[in-house]
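Have a look at it first, then read on.

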Amino acid sequence: MNALVIALLVPWATGAVLVLLDGRRPAVGWIAVGALAVNVVALAVLATTVLRDGTVSEVTGGWPTGVGITLRTDALGAIFACLSAVAVLAAMVHEVLDGVRERVFPGVVLLLATGLTGVFLTGDLFNFYVFFELAMTAAYVLATYGGGRRELSAALVFTSVNLLGTFVFLLSVAGVYHVTGSLDMATIAERMQDVEPAAAVMIAIGFFAAFSVKLGLFPFHFWLPTVYTASRPAVAAILSGGLANIGAYGLLRFGGELFPRELEFASVGLIVLGSASILYGGLLAVSRRTSGEMLAYSAIGQVGYVLMAIGVGGPIGFGAAILYTVVNALNKTLLFLTARMRGAIVSAVFVLGAMSVIGIPPAAGFVGKLELFRAVADEPALIALVFVGGALSFVYALQVYQYDFWRTPGRGPGPDASRGQKAVVVALALVILAGGLWPEPLLSLSHDAAATLAGPQP
């Protein structure tokens, strides 16, 4: 059994068993943590193999191609799979240390991790949809975690909007099959070149809308603030640091590999939408007074940078988009986990996460902003926009830091976090710090992943 199969099989099998057990028992929670740790290790081994030997492909169960589940791992999929797995693992450990409140939580998190892993490691469009649905269904359940009226209302909004996005995605999948006669992504990429441009554009718009809803991109963001602010920190961290990566990955994979002609055609529109998302998210975040609300609107603004870089396209633009997605996912996972924690250590961790969001060295966010500047170096207006976005980030991060850690020390959740929870956020902070102090591996990985995509040259 190789790492590719282990990465999928262990969380799926363990999750299927754990949903039947009482997840509030610590032992069940730690079993889930163990399964997620195996998932992370298997993905790390797989990523090492891919970076050394190139793309790894396999049809599960020995079935013929087109019948069995086709798994394909390249540098892009490996990075996103590892990133999402780390975010889910960190959130799971954090919640187990805090005390799981609902019996199905550990099992559902494992099933969500299975869906995320499958989305990033499949080479078949139908299987992508199946894993996509598995992850989303688990996310709908997680959004209710806590059981209060606020959580249930947010879950209803989240489910309704994303079901609409899923329906659009399914229609686009049907459209692709109709015009190409295949669901294999490599075959689709070849045949889409001969498809009538009008039909291809309509299909591409459908995928773009579906992934934009998942990513929470302006103007598809209206569900995001409600859900992120109502969810418990661990769930918000999973949704923002893990699940949202499907949106960024989908835009990169489908735009760069399957629809490069349509991506080039729409590049200006993507840059405009990305710019609007940066300004909208930043301005709304400035007007918020709690870390949860600030982070929700900040998430809308931060994904704008990703879309802008995708719109620029080519190896430099794609590389910047991938690197910024990695940094943004780590930032959001860290900051959402600290949302209800207080103390000197948490304060220091929050400052580092905020510095990364703003783009101040030595945090990894500084490297992400440098790559963005490199991608838009020939566009003075976009350079100015990145500066403005950074300034807005500085203002809203400083405001929330003042409210949560300076002015009103008694405000907030009250109970001190455990040492274990502090260790989780400190570990994440060290990863972000290491990414800033030693950026070469991160840069190399993002460039390798960008090289797997074809697309418009800048």
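Helix α19 (residues 419–437) has 19 residues and runs 26 Å from its first C-alpha to its last, close to the expected 27 Å (1.5 Å times one less than the number of residues). Helices here are DSSP runs of H or I with at least four residues, numbered from the N terminus. Bear in mind that this is a predicted model, where local features need pLDDT of at least 70, side-chain atom pairs count only at pLDDT 80 or more, and totals for chains, interfaces and linings use all residues. Residues are numbered from 1 along each chain as its sequence is written, and side-chain values use heavy atoms, leaving out hydrogens and water.

- The buried residues of α19 (under 20% relative accessible area, with a 1.4 Å probe and protein chains only) are Gln421, Val424, Val425, Leu428, Ala429, Ile432, Gly435 and Gly436.
- They span an arc of only 125° around the axis, so they sit on the same side of α19; the arc is taken from the directions from the helix axis to the C-beta atoms.
- Over on the other side, Arg419, Leu430 and Leu437 are exposed (over 50% relative accessible area).
- The cover for the buried residues includes α3 (75–98), α15 (314–337), α16 (344–358) and α17 (364–375).

**Aromatic pairs**
- There are 24 aromatic pairs in the structure, meaning rings of Phe, Tyr or Trp (its six-membered ring) with centres within 6.5 Å.
- One of them joins Phe128 and Phe211 edge-to-face (planes over 60 degrees apart), at 6.1 Å centre to centre and 85° between the planes.
- That pair ties together distant parts of the chain, 83 residues apart: Phe128 belongs to helix α5 (residues 125–143) and Phe211 to helix α8 (residues 197–215).
- Phe207 and Phe211 are stacked (planes under 30 degrees apart), with 6.4 Å between centres and 15° between planes.
- Phe207 and Phe211 are about one helical turn apart, because they are four residues apart in helix α8.
- Phe211 is buried at 1% relative accessibility, and Phe207 is buried at 2%.

**Around Ser182**
- Ser182 sits in the loop between α6 (149–180) and α7 (185–191), and is buried with a relative accessible area of 11%.
- A polar atom of the Ser182 side chain lies 3.0 Å from the backbone nitrogen of Asp184.

**Around Glu262**
- Glu262, in helix α12 (residues 260–265), is buried too, at 9% relative accessible area.
- Glu262 and Met202 are 60 residues apart in sequence, and their C-alpha atoms are 9.6 Å apart in space.

Conventions
Helices (H or I, at least four residues) and strands (E, at least two) are DSSP runs, numbered from the N terminus. A polar contact is a pair of N or O atoms within 3.5 Å; within protein, one must be able to donate a hydrogen and the other to accept it, and residues adjacent in sequence count only if both atoms are side-chain atoms. Contact means heavy atoms within 4.5 Å.
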